[in-house]
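Here are my notes on the model, as numbered points.

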Amino acid sequence: MKLSEKNKDFFEMVFQVVQLIPPGRVTSYGAIARYLGSAQSSRMVGWAMHASHQVPGLPAHRVVNRNGLLTGKVHFDPPEMMEKRLQQEGVSVKDDAVVDFKKIFWDPNVELEIK
DNA sequence: CCATTGACTTAAG
DNA sequence: CCTTAAGCCAATG
């Protein structure tokens, strides 16, 4: 093995965490970033999500911003699919924002435990 | 190679 | 409540 299977570390990690998000729950870019050790580089998580198109079955709709707003909904096939899926999983969305966001917030740092 | 942008976040006014 | 500014790192032109 040489320098072939590197790169994508961050992306892979993001995808894994996103897929680990349980139904009816949501998380934020910052939380994922922190879990990955990028703490303040929540933007990179966003970029990773931008590349999520190469990962089918990725529940990107469960990832919202710190405000619980569906900021990335416009990047979905039909933008309304994001909130649609969330509602489908039992997550109430109002005005492009997740209702009781704090309650259904899923923090990988907590749920996946910190070591 | 430099400049701009981006699915973010926090702080300050 | 809304606007600016700055920090962060990668991708794109």
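1. For 115 residues, a compact globule would have a radius of gyration near 13 Å, and chain A agrees with this at 14 Å. The radius is taken over C-alpha atoms, and the globule rule is 2.2 Å times the number of residues to the power 0.38. Along the principal axes, the C-alpha atoms of chain A fill a box of roughly 50 × 35 × 20 Å.

2. On conventions: this is a predicted model, in which local features need pLDDT of at least 70 and side-chain atom pairs count only at pLDDT 80 or more, while totals for chains, interfaces and linings use all residues. Residues are numbered from 1 along each chain as its sequence is written, and chains are lettered from A and ligands numbered from 1 in the order in which they are written.

3. Chain A contains six helices and four strands, in the sequence order α-β-α-α-β-α-β-β-α-α. Both kinds of element are DSSP runs numbered from the N terminus (helices: H or I, at least four residues; strands: E, at least two). Of the contacts in chain A with a separation of 6 or more, 60% join residues 24 or more positions apart; a contact requires C-beta atoms, placed from the backbone, within 7 Å.

4. Burial: 26% of the 115 residues of chain A count as buried. A residue is buried if 20 or more other C-beta atoms lie within 10 Å of its own, exposed if 12 or fewer, and partly exposed in between, with C-beta atoms placed from the backbone.

5. The largest nonpolar core has 23 residues, and Val-14, Ile-32, Val-45 and Val-98 have the most contacts inside it. Two or more residues each come from helix H1 (9-20), helix H2 (29-36), helix H3 (42-50), strand S2 (63-64) and helix H4 (80-88). H2 provides the largest share, five residues. Such a core is a set of buried Ala, Val, Leu, Ile, Met, Phe, Trp, Tyr and Cys residues joined through C-beta atoms within 7 Å. In soluble globular proteins, nonpolar side chains tend to be buried together.

6. Ile-32 belongs to helix H2 and is buried, with 26 other C-beta atoms within 10 Å. Leaving aside neighbours within four places in sequence, Ile-32 is in contact with Val-14, Val-17, Thr-27, Val-45 and Pro-108.

7. Val-26 sits in the loop between H1 and strand S1 (27-28). With 23 other C-beta atoms within 10 Å, Val-26 is buried. Residues up to four places away aside, Val-26 touches Arg-62, Val-64, Val-91, Val-98, Phe-101, Ile-104, Phe-105 and Trp-106. Counted likewise, Val-98 touches Val-26, Val-64, Gly-68, Leu-86, Val-91, Val-93 and Ile-104.

8. Which residues of H3 are buried? They are Val-45, Ala-48 and Met-49. Seen down the axis of H3, these fall within an arc of 100°, so they line one face of the helix; the arc is that of the directions from the helix axis to the C-beta atoms. They pack against H1, H2 and S2. Arg-43 and His-50, on the other side of H3, are exposed.

9. H3 also gives the most to the surface near DNA strand B, with six residues. Near means that the C-beta atom, placed from the backbone, lies within 6 Å of the molecule or strand. Of the 16 residues around DNA strand B, those that come nearest are Gly-46, Asn-65, Arg-66, Thr-71 and Gly-72. H2 and H3 are the elements that give two or more residues to this surface. The surface divides into four nonpolar, ten polar and two charged residues. Here Ala, Val, Leu, Ile, Met, Phe, Trp, Tyr, Cys and Pro count as nonpolar, Asp, Glu, Lys and Arg as charged, and the others, Gly among them, as polar.

10. DNA strand C is surrounded by Gln-40, Ser-41, Arg-43, Met-44 and Trp-47. This surface divides into two nonpolar, two polar and one charged.

11. Two backbone angles deserve a check. Most residues other than glycine have a negative phi. Asp-95 has a positive phi near 55°, and Asp-96 one of about 60°. Asp-95 lies in the loop between strand S3 (93-94) and strand S4 (97-98), and Asp-96 is found in the loop between S3 and S4. Asp-95 is exposed, with 8 other C-beta atoms within 10 Å, and Asp-96 is partly exposed, with 17.

Definitions and conventions:
Contact = placed C-beta atoms within 7 Å.
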